[in-house]
Amino acid sequence: MTDQTLNAIERLALVKQERMTANLSKRYGKEKRFRFFGIVSIVLGLTFLAVLLGTIFTAGFSTFFSSEIKLTIHYDAAALGISDLNDEDQVRLADWSQLVKQALKKRFPEVSGRKQLRQMNGLSSSISIYILKDRLMANPALLGTTEDLWLMADDEVDAYMKGQVDPSVPELERRFNDFQISLVDNLIASGEMKKTFNTTFFTNGDSREPEQAGIRGAMIGSLFTLLVTLSLSFPIGIAAAIYLEEFAPKNRYTEIIEVNINNLAAVPSIVFGLLGLAVFINLFHLPRSAPLVGGLVLTLMTLPTIIISSRSSIKAVPPSIREAALGLGASKMQTVLHHVLPLAMPGMITGTIIGMAQALGETAPLLMIGMIAFIADVPNSPLDPSTVLPVQVYLWSDLPERAFVAKTSGAIMVLLGFLAVMNLIAVFLRKKFEQRW
C-alpha cells in the first residue's frame, strides 16, 4: 500500500471522526435544550400554581377571622315590651333590636340625629338580636339584669378591621364613612373591638348577610352527595370492570359496550344533569335539589372513569398469577376474588378517588337538578334540600357585597382541603394494600 493511499485513508477517517464529533455535539445540544425547556415548563407550571394558590389564600385567609364588639346589654323588659317570657305572643312581637340600640347609645351618648343613630346602630350585625333572644329565652333569670357580651360586628366594620377599607379614599366612594370609622377607632382604642376565630363560617348555613354566612350546609350537602355517589359507583364500577375484563366473551356486543363506556367518559357533565332532571326528577319524582338525586347524577358521571381505571388495573396483573391459581385448582371466581382483585385494588382505589374528586368539584350537573337554590337550613338527611361546596362558591361569587369575595376564597380553600384529604386517604389505602402483597 502506497503512502498516498495511507494518507487518503487517514484523511477519510479524520473526516468521519470530525463528522461524528459534530453530530454528537448537535445531539448533546438538543438534549440540553430539551432539558432546559422541560425545566422551564415545570417552573412556569409551579409558578402559575403558586400564584393561583397565593391569590386564593390571600383573599380567603381573612374569612377565618371575624370582628366582635363588646357591649353592655341591659335586658330591659320595658324596652322589649315583655312582662312574661312564657307568653309566646309577647316574645314574638318583642323589639329585640332595642337591646343593642340601647347598649350602643349608652356607649356613645354624644351621638344624636336620625342619620348618625342609624349609622351607629349599623355597627352590630343583625344576628346579634337573635343571639340575645336565644340567650334570654334559655335563661329567663337574665330579664332585668345587665351583662357584658361580645357580639358580632357588621360586615363593613369587619372589612375595616381587616384593612380592606382605605380611609384615604374620598368618603363618597366608600360605604363605610368617616363617622363610622371614628366610632370603630374609639372602640379599638378602649379595647372593646377585637378579632377572633370565625366559628360562624363553619357552624352556619348560607345567609344574605355576609358576616352570618357559613358553609356548614354546603359541607353536609357535599358529604351526603359523595356518600351516595361512592356507595353506588364503587361497587357497580368494580363489578362491571371485573365482568368485562375476566368473564365477558369477546364479541361484537362487548365491543359496543366498551366503546360506549369510553365515549361516556368524554361526555360533558351538564348532559348528565339533563339526564338526571329527565329521569330522576321528572320520571321518578325524586325530591329536587336533594343530595340523593345529586349522588345519582354524579354516579352516572363517575362510573366510566372508575370502570376504565379498574380495567387497566386488572390488565396490569401478571398472567402468571392467574395461571398459578388455576394450576393449583382454584376456580375462575376464586382466582379473580382471591388473587387478581387484591393485586388490582390499589389502582382501582386510585381511579375511584379520581372520580370522586371530579364529582366533588362538579357544578353544572347539579345546577340542572335545582341544587343552586338559596338554602339556609343545614340538611339532616340525603332527602332534604341542600347545596354543595362548588355551587356555594358559585352563588357567593355572584353576590355584590365585598365580604362575599373573601367568603368565596375561603370556601375554595375548604374545598381544596377536602381534595387534599381525599388524596391522602387514597395514598394511605394504596400503601396498605401494597404491604399485604
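Because the model is predicted, local features are reported only at pLDDT of at least 70 and side-chain atom pairs only at pLDDT 80 or more, whereas totals for chains, interfaces and linings use all residues. Residues are numbered from 1 along each chain as its sequence is written, and side-chain values use heavy atoms, with hydrogens and water left out.

Helix α12 (residues 269-283) packs against helix α13 (residues 291-316) at an angle of about 130 degrees, their axes being 9 Å apart; helices are DSSP runs of H or I with at least four residues, numbered from the N terminus, and axes are lines fitted to C-alpha atoms over the stretch in contact, with angles from 0 to 180 degrees between N-to-C directions. On the α12 side, the contact (heavy atoms within 4.5 Å) is made by Ser269, Phe272, Gly273, Leu275, Gly276, Phe280 and Ile281, and on the α13 side by Val293, Leu296, Val297, Leu300 and Met301.

The loop between α12 and α13 holds His285 and also Ser289. Most residues other than glycine have a negative phi, yet His285 has a positive phi of about 60 degrees, and the phi of Ser289 is near 60 degrees. His285 counts as exposed at 65% relative accessibility, whereas Ser289, at 8%, counts as buried; buried means under 20% relative accessible area, exposed over 50% and partly exposed in between, for a 1.4 Å probe and protein chains only.

Met368 is placed in helix α16 (residues 364-368) and, at 25% relative accessibility, counts as partly exposed. Leaving aside neighbours within four places in sequence, Met368 is in contact with Ile270, Gly273, Leu274, Leu277 and Arg288. The C-alpha atoms of Met368 and Arg288 are separated by 9.7 Å, although these residues are 80 apart along the chain.

The largest nonpolar core has 49 residues, and those with the most contacts inside it include Ile215, Ile314 and Trp396; such a core is a set of buried Ala, Val, Leu, Ile, Met, Phe, Trp, Tyr and Cys residues joined through side-chain atoms within 4.5 Å. Among the helices that each supply at least two residues of this core are α12, α13 and α15 (332-360), and α15 gives the most, with 11 residues. Apart from this core lies another, of 35 residues, among them Tyr75, Ile82, Leu149 and Val157.
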